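Subject: Structure handover

Hi,

Here is the structure for your set. My notes follow below it.

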Amino acid sequence: MPLAVRGSAIVLAFAVAVLAAAVLRTSAHGRAPVAIETVLDIPPIPGDVARALTFGFRSLLADFTLLQAIQVLPSRHGDMTPGLAAPIDRRLFRLLEYSVEIDPKFSGAYRFAAAALPHESGEGKVYGVLNATQILEKGLRERPDEWQMGFLLGFLQSYYLHDFPAAARSFAAAADLPHAPAFVGLLATRLAAQAGDLQIATSLAEAMLAHANEEATRKEWQDRVDALHMERDLRAIEDAAQRYREEKGVLPRSVHALAAAGFLPAAPREPHGGRYVLKGDGSARSTATERLRAYGLETRFEIH
């Protein structure tokens with residue numbers, strides 16, 4: 001084969017290969033799935049407007065945006081940096097917020113938000129909690145018939161935000177609903193006591209005791225009322241011991257010494273049948289049972 005012909009054949013083959021590659025690349029781009037951020041997002045119509053235009057099919061549109069959120073969630077991984085996770089977090093929040101704008105009674109969207117939005121990044125920091133609480137606060141207003149709304153909100157407020165007073169109020173709202181498990185009310189009173197608001201805790205416990213019908217439930221709430229009364233007494237004793245030390249320069253030897261010196265009206269009666277004692281550092285305890293405490297930790301939530 002002449003050299004010129006062979007050279008022309010090589011050039012032609014190369015040109016065909018380039019053209020084929022271009023065609024295949026174009027075809028591949030056309031067949032490739034569209035980037036998730038360009039598809040899985042809220043519709044371009046405001047939620048309140050879309051709700052009016054659905055003509056009774058609002059639940060269908062709300063289901064659609066929830067399903068989109070469920071598809072978005074697997075794209076976020078625990079080892080992602082905050083910069084990579086942030087666009088996914090924003091998309092999740094938009095989709096879930098839109099779902100409950102379309103259908104404010106959509107309990108499934110509220111529950112999914114509580115589980116999906118809060119997450120820990122690769123740096124050990126927690127994100128998405130405020131977005132989740134914002135959605136669940138709406139759920140508490142819109143679904144006052146479901147105790148799970150207040151329970152989930154209270155969990156986020158206590159576990160992640162360490163806002164025990166707010167968590168106690170959320171749990172108390174949940175505990176007041178029919179079919180709420182007994183532990184929700186018990187948790188509400190414990191958190192209220194830990195936050196320092198004994199009045200809320202005691203009032204809730206006494207109300208639950210008054211409405212309890214079963215003997216076992218009544219005993220459980222009576223135990224909680226007694227524990228709260230004990231906590232009230234212990235705080236009064238510790239406060240009196242501090243005032244005694246400030247005035248006399250030493251700590252009192254006993255609770256009876258506080259009462260005898262006029263720092264307490266009388267030595268309070270321990271409701272469990274034990275007695276109150278002062279420790280060397282001025283703190284007080286019961287000889288009958290442990291003190292009512294709640295602790296919100298970074299990695300777990302414990303009730304003691």
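F171 counts as buried, at 1% relative accessibility. Buried means under 20% relative accessible area, exposed over 50%, and partly exposed in between, with a 1.4 Å probe and protein chains only. Before going further: this is a predicted model, where local features need pLDDT of at least 70, side-chain atom pairs count only at pLDDT 80 or more, and totals for chains, interfaces and linings use all residues. Residues are numbered from 1 along each chain as its sequence is written, and side-chain values use heavy atoms, with hydrogens and water left out.

Aromatic rings

A pair of aromatic rings is described by the distance of the centres and the angle of the planes. Rings of Phe, Tyr and Trp (its six-membered ring) pair if their centres lie within 6.5 Å. Planes under 30 degrees apart count as stacked, over 60 as edge-to-face, and the rest as tilted. The structure holds 5 such aromatic pairs.

One of them joins F151 and F171. Their centres are 5.5 Å apart, with 55° between the planes, and the pair is tilted. F151 sits in helix α8 and F171 in helix α9 (residues 164-175). The two are 20 residues apart, and the pair links distant parts of the chain. Helices here are DSSP runs of H or I with at least four residues, strands are runs of E with at least two, and both are numbered from the N terminus. F151 is partly exposed, with a relative accessible area of 21%.

F151 also pairs with F183. Here the centres are 5.7 Å apart and the planes stand at 85°, so the pair is edge-to-face. This pair, too, links distant parts of the chain: F183 is in helix α10 (residues 182-194), 32 residues from F151 in α8. F183 is partly exposed, at 43% relative accessible area. Together, W147, F151, F171 and F183 form one aromatic cluster.

Helix packing

Helix α7 (residues 129-142) packs against helix α8 (residues 147-159): their axes come within 9 Å and cross at roughly 155°. That makes α7 roughly antiparallel to α8. Axes are lines fitted to C-alpha atoms, for helices over the stretch in contact, and angles run from 0 to 180 degrees between N-to-C directions. Angles under 35 degrees count as roughly parallel, over 145 as roughly antiparallel, 65 to 115 as roughly perpendicular, and the rest as oblique.

The crossing of α7 and α8 is left-handed. A crossing is left-handed if the near helix is turned anticlockwise from the far one by less than a right angle, and right-handed if clockwise. From α7, the residues involved are V129, A132, T133, L136, E137, G139 and L140. They meet M149, G150, L152, L153 and L156 in α8. Contact means heavy atoms within 4.5 Å. The residues of this contact divide into 8 nonpolar, 3 polar and 1 charged. Ala, Val, Leu, Ile, Met, Phe, Trp, Tyr, Cys and Pro count as nonpolar, Asp, Glu, Lys and Arg as charged, and the others, Gly among them, as polar.

Now α4 (residues 58-72) and α6 (residues 107-116). Their axes come within 10 Å and cross at roughly 20°. The two helices are therefore roughly parallel to each other. α4 passes α6 in a left-handed crossing. L66, A69 and I70 in α4 meet G108, A109 and F112 in α6. This contact divides into 5 nonpolar, 1 polar and no charged residues.

Single residues to look at

Is E231 buried or exposed? It is buried, with a relative accessible area of 1%. E231 lies in helix α12 (residues 215-248). Leaving aside neighbours within four places in sequence, E231 is in contact with L198, R291 and L292.

Two histidines have positive phi. For H162, phi is near 55°. H162 lies in the loop between α8 and α9, and is partly exposed at 36% relative accessible area. For H179, phi is about 75°, although H179 is not a glycine. H179 is in the loop between α9 and α10, and is exposed at 77%.

Whole chain

The protein chain has 13 helices and 6 strands. Buried residues make up 38% of its 304 residues. Of the contacts with a separation of 6 or more, 58% are between residues 24 or more positions apart.

Best wishes
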